[in-house]
Amino acid sequence: MSTPYPFAAIVGMDSLRLALLLNAVSPSVGGVLVRGEKGTAKTTTVRALSTLLPEVETFADCRFCCDPAAPDASCPDGPHEGGARFVRPARMVELPVGASEDRLVGSLDIERALSDGVKAFEPGLLAGAHRGVLYVDEVNLLGDHLVDSLLDAAATGSAHIEREGVSVRHASRFLLVGTMNPEEGELRPQLLDRFGLTVEVAASRETDERVEVVRRRLAFDEDPAGFAAKWAADEDALRERIAAARALLPSVRLGDGALRRIAAVCAGFEVDGMRADIVTARTASALAAWAGRTDVVTEDVRQAALLALPHRRRRNPFDAPGLDEDKLDEILRQFEEDDEDDEQGPDDDGPGDGGPDDDGPGDGVPPRETSESGPEAADLPPQREQPAEAPAPETPAQEAPAQDASDSPAPRTPERGAGGDGGPEAAPVAAGEPFRTRKFDVPGLGEGADGRRSRARTAHGRTTGARRPRGTLTRLHLAATLQAAAPHQRARGRSGRGLVVRRDDLREAVREGREGNLVLFVVDASGSMAARKRMSAVKGAVLSLLLDAYQRRDKIGMITFRGSGADVALPPTSSVDAGAARLEKLPTGGRTPLADGLLRAREVLRVERLRDPSRRPLLVVVTDGRATGGPEPLVRASRAAGLLAAEGTASVVVDCEAGPVRLGLAAELGHSLRAPVVTLDELRADTVTALVRSVRTTTTTRGAA
């Protein structure tokens, strides 16, 4: 078994370590979501937490880790009366992004259930994570089918698997910890709200701190066991402090003054629902226990809000999580006079160890450990000038704001055309107000990842047929199975009421649902689009389509063309935020190399087909149809469009031409692409009666007209 990196040896990242430790003190806080750029030790830190968690007692013959103090009455391995017990370390179970639903919730042997009447259940990861930690790396890339099962377990505290009326249920209460890189896409709002706390991490810009990180990592890689032994005393000190805080937690008093502060803060930031209030209250209590106090003070509420609220106040996918600290302080300041007595705690019953309970600058901040009890890395929580979500500029070692991840340097549209002859350039203009767009889908039946755009064969959805199982049977088609077994009953010697079912009789259900697609935008940024009002409307339309792609679980990419060439402004990604950021900074001006934009799109799609053959593309060309530069630019554009059409690329042309005199060039481009053409006004869903329109159907209608 490999030696984990010691938690106490981690340099910096005070907010992340604090959030994890608070969950270790009070699992009811609800887990941690760690957001940050790649290479910032997110996974290393989370895995290091597992060695600090208290051990759990369970039954020796229970695969579901039942608590002897309160056994699960529905446990498949129960009842446990008189069973042998043992103590083992708390588990941290990792959920792979590509795991199947059966791997997560468990699998049931349908064949044995039908033929023998036996519930042969193999526990999944939810069973292994019970009373421990469920860790999901790259949680934002988790499939919808896994997200649904995870949400059900997190909400009910139990896992439920059912196959054609044969069901199994068992307890599954776990600490949910996920890491993600925002550049790769955001989380579904339902799953985002399930995480109690969120923390932004970024690599330190402090030279000394970076040197120490490298020094410790090299020492660990050279001798993991020796390095861990060096930090063993500090790890033991943290374990003891966690145990002491857990024991103190039931005695922590959350007074009316603290509750009113929490309610005022949550209302002031207009967070949805009541989960924010509950999580903030639990976090503030855990902070007090971690500090060795029995009263929750204002600083506990402030720090709890910085950890619990940022990810709950987003109103659309393009909002970066974060919290206005000045507004937070102003809300809390309103209660200083009214609840001064509650802030200081009761006069006759202060903290048991004489901890801070005055109004000094350290009030509410847990005492820092000395060098004898642990390294500086364990001095938690961070001080006021080092908040979790919005670090002060003078402390470069702390986490960066959330928007840094989505606005970080990435491929973007050059200031001028690719050949340096872009001509006059207009400054970027703001996008118009986004709106609900018409739905476009890819014709035919795909087999891509679950989504909400085009028809596809999926693991979920309505049943459309049956077939012989491919591999392990997970979706039984009962009627088809009985129909296959019925003609053979006499030959098989059936004597009772039940059917004699053999493996060859089994049929699995074929289901049809929706898939996510790759939506590739090709945006005209040339001089013909440079009118400020016009470009604002175009950006608003593209922004609306980006929002639609987010809601339908698509990957997106963006190509812009202007000057003497085309550029990949955004390689295909799941991060719609990144697409919105690139669009905002998009300049205009110069010639219109339409053919170059289409050919670059063709090349991007060719590469993506090799990377992900099952994800079908939808090309959205945003242009007025004009083409300039080089010999016969319109002819070259028509030929490039013909190549895309010949390869079967589903396309849509958004005609941006405006004014009383129209050339109709976008319509000609649509004819070459075999694609429907819609104007900016027609793109709005509220301007049509049919909100769902297939690309193929639209093409046929346009051709008939």
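This is a predicted model: local features need pLDDT of at least 70, side-chain atom pairs count only at pLDDT 80 or more; totals for chains, interfaces and linings use all residues.
Residues are numbered from 1 along each chain as its sequence is written, and side-chain values use heavy atoms, with hydrogens and water left out. Local features need pLDDT of at least 70 and side-chain atom pairs count only at pLDDT 80 or more, whereas totals for chains, interfaces and linings use all residues.

The protein chain has 23 helices and 22 strands. Both are DSSP runs numbered from the N terminus (helices: H or I, at least four residues; strands: E, at least two). Of its 705 residues, 53% count as buried. Buried means under 20% relative accessible area, exposed means over 50%, and partly exposed lies in between (1.4 Å probe, protein chains only). Contacts, defined as heavy atoms within 4.5 Å, were also sorted by sequence separation. Among those between residues at least 6 apart in sequence, 79% join residues at least 24 apart.

The largest nonpolar core holds 67 residues. Such a core is a set of buried Ala, Val, Leu, Ile, Met, Phe, Trp, Tyr and Cys residues joined through side-chain atoms within 4.5 Å. Phe7, Leu20, Val265, Phe269, Trp290, Leu309 and Leu328 touch the most other members. Helix H12 contributes the largest share of this core, nine residues. A second, separate core has 38 residues, among them Ala541, Leu546, Ala549 and Val678. Leaving aside residues up to four places away in sequence, Val265 touches Ala305, Leu309, Leu328, Ile331 and Leu332.

Pockets were found on a 1 Å grid over the protein atoms alone: a pocket is an open set of points with protein on both sides within 12 Å along at least five of seven lines, where a 1.4 Å probe fits, and lining residues have an atom within 4 Å of a point. The lining counts 34 residues, and Pro27, Ser28, Arg173, Phe174 and Leu175 are the closest to the pocket centre. Helix H1 (14–25), helix H6 (144–156), strand E10 (175–180), helix H7 (189–194) and H12 each supply at least two lining residues. H12 gives the most, with four. By class, 16 lining residues are nonpolar, eight polar and 10 charged. Here Ala, Val, Leu, Ile, Met, Phe, Trp, Tyr, Cys and Pro count as nonpolar, Asp, Glu, Lys and Arg as charged, and the others, Gly among them, as polar.

In helix H17 (residues 478–485), the buried residues are Ala480, Thr481, Ala484 and Ala485. They cover an arc of only 130 degrees around the axis, so they lie on the same side of H17. The arc is taken from the directions from the helix axis to the C-beta atoms. In helix H19 (residues 576–584), eight of the nine residues are buried, so H19 is largely enclosed by the rest of the structure. Asp577 and Arg582 are among the buried residues of H19.

A cis peptide bond joins Gly78 and Pro79, with omega about 0 degrees. Pro79 sits in the loop between strand E2 (56–59) and strand E3 (85–88). Arg131, a residue other than glycine, has a positive phi near 70 degrees. Arg131 lies between helix H5 (125–128) and strand E7 (133–137). At 23% relative accessibility, Arg131 is partly exposed. Glu270 has a positive phi of about 55 degrees, although it is not a glycine. Glu270 counts as exposed, at 55% relative accessibility.
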